[in-house]
Amino acid sequence: MASAWRECAIRAETTTIRGHQGDEIEAYLARPLDVPRHGGVVVIHHMPGYDEATKEITRRFAVHGYSAICPNLHHREAPGASPDDAAAASRAAGGVPDERLVGDVAGALAALRALPGSNGKVATIGYCSGGRQSFLAACSLRLDAAVDCYGAFVVGRPPEGLGLEVGPLTHLVGQLSCPLLGLFGKEDSHPSPEEVGELARLLEAAGKTFELHSFDGAGHAFFAVDRPSYRVDAAKEGWRLIFEFFGEHLGG
Amino acid sequence: MCTYQTELLEVSGSGKGAGGWFPLERAMVYFDHPVHAAAEHSLNVDFLSPTRGPAARLAVELDPVAARELARTILAVLDRVEAPAGAGHAPVQ
C-alpha cells in the first residue's frame, strides 16, 4: 500500500443487480466518494451468508479507494430474510450452484464497471466457500485480479455423501484469466497445506501468475474478527498483501 | 474449514421460533461454522418449516461433546418410554 494512502469518504447501501439469467438479486454496494477513478472488487461472502461481517469487509475496500459490491448469493432462496435464516435455506436447498455463482458474479462485475468513475478494472475476493468461488469466477470470467482466502475444495474432493454439490476446480486452472493471490493458514485442514502445495504446482505448470501465502499459527477463517479463529498477525499481513496486490492490478 | 457436512430429514412436531410456535416439517443437521457459538465449528441443528418461509426456523449450535451427550440422552429417554411393558418404565401417557 502506498505511503500516501488516506481513508476515503464512502457511500454504502443496499442495491439490486441483475445476476444469473437476469434474476434480480440484492447486493451491498460501497464506493469511495472522493476518488475520481477507481477499480472495483466483488466480495464473495462465506457460507454463513451475506452478513454484517462481510458488509464490513465490503466497506473496507471502499475506504481504501475501491468500489466494492457483495451480491447476496442466498437471495433467491430467502429474499428479505436474515442472513442466518437465508444461509440455512440455501444449505437446505443444496447450496449455491457453481453456474449460478458465475452468473451472479458476472452481474456484480457489470454493476461495478457501470459506476461513474470506474476505471474498468475489476477483481474478486472470497472467504471460506467464497474463496473457492472467487477462484471459480476467475476461471470463468475476464478479471484483472482474484483473491482466494482459504477456499476449500479448489483442490481435493469432499467426502462422498454430502448434501451439497461441491467439486474440485483443478480442471479449470488453465482458464484462470488473471493474477491470483491465495491466503491460507498452515493449520487449516480444508484446504490443507498439501492441497495448497498442489494448487501451486498446477498454477506453475499452467504458466499462471500467482502468489500463495500460508501463515504460521493460523487455521481457517483467520480474517474473521468475530470468530475465535481470528489471528491478528495473519490477518494484518493478509490485508497488507491484498491491498498491495490490488494496488498493482486494479490501479490506474 | 468449511466441512459442508449436511444431512436433511423429515420430522413432525412443533417448535417455537422468533415468530412463535410453528409445525416442524424438516430438520437439517450439519457440522460447520456457527453463526453465534464461540467455536470454529459446531454441530448445528435447524428445525424448519419451508412452507412457512426461511424465518420459520429453530436453530441450535452445539459443542460436539454436548451434541453427543444430547443425542445419547434423547435415545435413552426414548428407550425407557418405548420399552415393552414389564421391561422397565411404563410409557408416559
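Predicted model: local features only at pLDDT ≥ 70, side-chain atom pairs only at ≥ 80, totals over all residues.
Chain B holds an open sheet of four strands. The strand order is 1-2-3-4, and the pairing is antiparallel. Strand 1 (5–17) and strand 4 (57–62) of chain B are the edge strands. Each of these two pairs on one side only. From one strand to the next, the twist averages 20°. In general, strands of a sheet pair through backbone hydrogen bonds, and the pairing is either parallel or antiparallel.

The pairings within this sheet can be followed strand by strand. Strand 1 of chain B is joined to strand 2 (residues 20–32) of chain B by 11 bridges. These two strands run antiparallel. Gly17(B) stands opposite Gly20(B), which belongs to strand 2 of chain B. Leu8(B) faces another residue of strand 2 of chain B, standing opposite Met28(B). Strand 2 of chain B also pairs with strand 3 of chain B, through seven bridges. This pairing is again antiparallel. Here Tyr30(B) stands opposite Asn44(B) in strand 3 of chain B.

Chain A contains an open sheet of eight strands. Its order is 1-2-4-3-5-6-7-8, with mixed pairing. The edge strands are strand 1 (10–18) and strand 8 (210–215) of chain A. Both pair on one side only. The twist averages 20° from one strand to the next. One parallel pairing in chain A is that of strand 3 (residues 38–44) with strand 4 (residues 67–71). Three bridges join these two strands. Val41(A) stands opposite Ala68(A) in strand 4 of chain A.

Helix 5 (residues 193–205) of chain A lies across strand 7 (180–185) and strand 8 of chain A. Helix 5 runs at about 170° to strand 8 of chain A.

The two chains meet through a helix and a sheet, among other parts. Helix 2 (residues 83–92) of chain A lies across strand 1, strand 2, strand 3 (42–48) and strand 4 of chain B. The angle between helix 2 of chain A and strand 2 of chain B is about 70°. The contact takes 27 residues from chain A and 23 residues from chain B. The size of an interface is often given as the accessible area lost when the parts come together. Chain B and chain A bury about 2000 Å² between them. Of this area, 64% is on carbon and sulfur atoms.

The interface of chain B and chain A has three salt bridges. One of the salt bridges joins Asp84(A) to Arg57(B). The closest N and O atoms of Asp84(A) and Arg57(B) are 3.1 Å apart. Five residue pairs are in polar contact between chain B and chain A, counting residues at pLDDT 80 or more. On the side of chain B that touches chain A, the elements giving two or more residues are strand 1, strand 2 and strand 3 of chain B. By class, this side of chain B has 13 nonpolar, four polar and six charged residues.

Over all chains, the count comes to 19 salt bridges. Among them is the pair of Glu13(A) and Arg31(A), whose side chains meet at 3.1 Å, N to O.

Two backbone features of chain A remain. Most residues other than glycine have a negative phi, and most peptide bonds are trans. The peptide bond from His190(A) to Pro191(A) is cis, with omega near 10°. Pro191(A) sits in the loop between strand 7 and helix 5 of chain A. Cys128(A), a residue other than glycine, has a positive phi, near 60°. Cys128(A) is found in the loop between strand 5 (118–127) and helix 4 (129–140) of chain A.

Methods
Residues numbered from 1 in each chain as written. Chains lettered and ligands numbered in written order. Heavy atoms only, no water. Pairing = 2+ DSSP bridges. Axes fitted to C-alpha atoms, helices over the stretch in contact; angles between N-to-C directions. Contact = heavy atoms within 4.5 Å. Buried area = accessible area lost by both parts, 1.4 Å probe. Salt bridge = Lys/Arg side-chain N within 4 Å of Asp/Glu carboxyl O. Polar contact = N/O pair within 3.5 Å; in protein donor to acceptor, adjacent residues only side chain to side chain. Nonpolar A, V, L, I, M, F, W, Y, C, P; charged D, E, K, R; others polar.
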